[in-house]
Each structure stands twice: as structure tokens, then as C-alpha cells.
Amino acid sequence: MTRAPQEVTRYPAGHGLAGLALGTALVVLALVAGLNFTFAAAVMPNLAGADDRTFVEITQRFNTNPVFPLSFTLALMLMLLTVILQAVFVRGPAMRWAIAALVLYGVVLAITGGLHIPLNYAIDQAGDPDRIKDLARVRSDFESPWVVGNLVRTLFCTAAVAALARALVLHGRQSMRRAHP
């Protein structure tokens, strides 16, 4: 007995690209969330026990690390691409979750741009820790707002990861329904 050939479901060319962008955005966003979490759970609590000079010197070094702006920007670009591709090629519940993730990540970027970048700039402008007269003030102006803000952005970033993960699950289900009606 011969088998009848199975019908192959064809998707729009961008459907697979939309899924790839969604998965890639999820990975990069999870890395950003992990970076924020690492600062909330390990870096800043460990620096809390350091003397003022060490604290200021180490936090000034964070500003020269290109990983931060690159990862935050790449996550944003991939999320924007994901939303566009979902809107053009897929539509449906996955797109709505991707938009929710983008909005949540927008809050992360607003906290970063409105709080963390100015604080990082201010501690950088304080100058050489060996020449700062009031290290305790420089530290206190920076530490508490930065730590609290980072905790809040970590929560929003984690929520954005969860929303993007939900979008990926729904995208996969939609693909399966199309393949196996």
C-alpha cells in the first residue's frame, strides 16, 4: 500500500524570520535581565561592604564597559524587529505579548536613562577617588538611588522576559496549528 503524499503547509516567507527574531530577542533580553539581576544580587551587595574609596573607584569602572550599552541597545533593536515582524507576518496573541514585553522593556530603559546614566555620569565626574574630599557623600549620593532603581528595573526586565517567552510559546502554537490543522 502506498502512502498519499502529505500536504506541506507553506508559510509567508517572514513567519520563520519572525520566530527567529522572537527567539533571539528573548535570549538577549534574558542576558540583560541576568546582568541587572547580577548587580542586584551580587555586585552591589558585595560592594556595600567596601570602603568609600574602593566603592567609588569600582563603580567608575562600570562606565567604561561597552557591554552595558551594547546589550541594552541590542535587546531594544531585536524587540522592535520582533514586534514589526510579528505585526507584518504573523499577527495574533504572540504579537500582543511581544508588544507588552517592549512596553515593559521601555520602562527598564526609562529607569536606566532617567536614573542610572545620570548617576553613573555624576560619580564619574566626581574625579579621581584619591582627590575627592568627601568620598562618603559621593558614595551616598550614588549608592541608594542606584541600588533601588536597579531592583525596580530588574523586576520590569524580568517581566519583559516572561512576556517575550509567552509570545514565543504562542508563536510556536500558531505555527503548529498551521502545520497540523
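Ala18 lies in helix H1, residues 13-47; helices are DSSP runs of H or I with at least four residues, strands are runs of E with at least two, and both are numbered from the N terminus. At 0% relative accessibility, Ala18 counts as buried, where buried means under 20% relative accessible area, exposed means over 50%, and partly exposed is in between, with a 1.4 Å probe and protein chains only. Not counting residues up to four places away in sequence, Ala18 touches Leu85, Gln86, Val90 and His171, a contact being heavy atoms within 4.5 Å. Ala18 and Val90 are 72 residues apart along the chain, and their C-alpha atoms are separated by 7.6 Å.

The structure is a predicted model, in which local features need pLDDT of at least 70 and side-chain atom pairs count only at pLDDT 80 or more, while totals for chains, interfaces and linings use all residues. Residues are numbered from 1 along each chain as its sequence is written, and side-chain values use heavy atoms, with hydrogens and water left out.

The protein as a whole has 5 helices and 0 strands, and from the N terminus on its elements run α-α-α-α-α. Of its 181 residues, 38% are buried. Among contacts with a separation of 6 or more, 84% are between residues 24 or more positions apart. The accessible surface comes to about 10300 Å², and carbon and sulfur atoms account for 67% of that surface; accessible areas come from the Shrake-Rupley method with a 1.4 Å probe, and for residues only the protein chains shown count as cover.

Next comes helix H2. Helix H2 spans residues 52-62, and its buried residues are Phe55, Val56, Thr59, Gln60 and Phe62. Seen down the axis of H2, these buried residues fall within an arc of 145°, so they line one face of the helix; the arc is that of the directions from the helix axis to the C-beta atoms. At the start of H2, a side-chain oxygen of Asp51 comes to within 3.2 Å of the backbone nitrogen of Arg53. Such a polar contact is a pair of N or O atoms within 3.5 Å; within protein, one must be able to donate a hydrogen and the other to accept it, and residues adjacent in sequence count only if both atoms are side-chain atoms.

Side chains of opposite charge can pair when their charged atoms come close. A salt bridge is a side-chain nitrogen of Lys or Arg within 4 Å of a carboxyl oxygen of Asp or Glu, and by this rule the count comes to 7 salt bridges. Glu57 forms one with Arg53, with the closest N and O atoms 2.6 Å apart. Both residues, Glu57 and Arg53, lie in helix H2, 4 residues apart, about one turn of the helix. Glu57 is partly exposed at a relative accessible area of 25%, and Arg53 is partly exposed at 28%.

Asp130 forms a salt bridge with Arg53 as well, its closest N and O atoms being 2.6 Å apart. Asp130 lies in the loop between H4 and helix H5 (135-179) and Arg53 in helix H2, so the pair ties together parts that are 77 residues apart in sequence. Asp130 counts as exposed, at 54% relative accessibility.

Elsewhere, salt bridges that share partners join Arg53, Glu57, Arg61 and Asp130 into one network.

Arg139 has a relative accessible area of 7%. Its side chain reaches the backbone oxygen of Ala50 at 2.6 Å. Not counting residues up to four places away in sequence, Arg139 touches Leu47, Ala48, Gly49, Ala50, Asp51, Asp52, Phe55 and Val56. Among these, Phe55 and Val56 belong to the buried residues of H2.

Met77, Leu80, Ile84 and Val88 make a nonpolar surface patch of about 370 Å². Patches are made of residues with over 30% relative accessible area and no salt bridge; like charges are joined within 9 Å, and nonpolar side chains (Val, Leu, Ile, Met, Phe, Trp, Tyr) within 5 Å. Val88 is found in helix H3, residues 67-90, and is exposed, with a relative accessible area of 53%. Arg91 lies in the loop between H3 and helix H4 (93-125). Phi of Arg91 is near 55°, a positive value in a residue other than glycine. Arg91 counts as exposed, at 55% relative accessibility.
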